[in-house]
Amino acid sequence: MASLIQSNNDLCAEYLRIKRSIEYTNLKVTVELQKKEYSISDLLVIKRKLADRMVATYRALNDTAARDRLRNAPKFDGETPKVEVLYDERKNWIVSESGRIWPI
């Protein structure tokens, strides 16, 4: 019984040692993307918690939804409302070598 408890304690200690080493490395190693420095830790936070929100924001800014709504829009003074794009959406995306699209 004592050896089982000792094994569990050793496993816990080793797990925490490895976890601390990984976290330290993720904080120290930096990568430059789009002329900005990011730690691996920063990029993991973006991927795990922020990327979905960023993509949703860019999709909301996309004029596709507005164009879909215009199909059923009433006419005002004989004219249908127009979608006016004030920016180039392609500037907000990075396409990787594999073809995956990433928000900036």
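Let me start with how the elements are assigned: helices (H or I, at least four residues) and strands (E, at least two) are DSSP runs, numbered from the N terminus. On that basis, the protein has three helices and four strands, and from the N terminus onward they follow the order α-β-β-α-α-β-β.

A word on what we are looking at, before I go into detail. This is a predicted model, in which local features need pLDDT of at least 70 and side-chain atom pairs count only at pLDDT 80 or more, whereas totals for chains, interfaces and linings use all residues. Residues are numbered from 1 along each chain as its sequence is written, and side-chain values use heavy atoms, with hydrogens and water left out.

Confidence comes next. With pLDDT being the predictor's confidence in each residue, from 0 to 100, the protein averages 83, and 82% of the residues score at least 70. Among the elements, helix α1 has the highest mean pLDDT, at 96, while strand β4, residues 101–103, has the lowest, at 63. Where pLDDT is low, the predicted coordinates should not be read in detail.

Now the overall numbers. I call a residue buried under 20% relative accessible area, exposed over 50%, and partly exposed in between, with a 1.4 Å probe and protein chains only. Of the 104 residues of the protein, 7% count as buried. The accessible surface, from the Shrake-Rupley method with a 1.4 Å probe and, for residues, only the protein chains shown counting as cover, comes to about 9400 Å², and 56% of this surface belongs to carbon and sulfur atoms. As for contacts, meaning heavy atoms within 4.5 Å, residues 24 or more positions apart account for 26% of those with a separation of 6 or more.

I will stay with helix α1 for a while, which spans residues 2–28. Two salt bridges are counted in the model, a salt bridge being a side-chain nitrogen of Lys or Arg within 4 Å of a carboxyl oxygen of Asp or Glu. One of them joins R17 to E14, with the closest N and O atoms 2.7 Å apart; R17 and E14 both lie in helix α1, three residues apart, which is about one turn of the helix. R17 is partly exposed because its relative accessible area is 41%, and E14, at 36%, is likewise classed as partly exposed. In the other salt bridge the side chains of E23 and K19 meet at 2.3 Å, N to O, and E23 and K19 also both belong to helix α1, four residues apart, again about one turn. E23 has 39% relative accessibility and therefore counts as partly exposed, while K19 is partly exposed at 35%.

Helix α1 also contains I5, which is partly exposed with a relative accessible area of 47%. Together, M1, L4 and I5 make a nonpolar surface patch of about 360 Å². Patches here are made of residues with over 30% relative accessible area and no salt bridge, like charges being joined within 9 Å and nonpolar side chains (Val, Leu, Ile, Met, Phe, Trp, Tyr) within 5 Å.

Which residues does N26 touch, not counting residues up to four places away in sequence? They are S39, I40, S41 and L44. N26 lies in helix α1 and counts as buried because its relative accessibility is 17%.

S39 is buried, with a relative accessible area of 8%, and, with residues up to four places away in sequence left out, S39 touches N26, L27, V29 and T30.

My last point concerns the loop between β1, residues 30–33, and β2, where Q34 is placed. Most residues other than glycine have a negative phi, and most peptide bonds are trans. Q34, however, has a positive phi near 50°, and K35, which lies in the loop between β1 and β2, has a positive phi of about 65° although it is not a glycine. Is K35 buried or exposed? K35 is exposed, with a relative accessible area of 80%, whereas Q34 counts as partly exposed at 49% relative accessibility.
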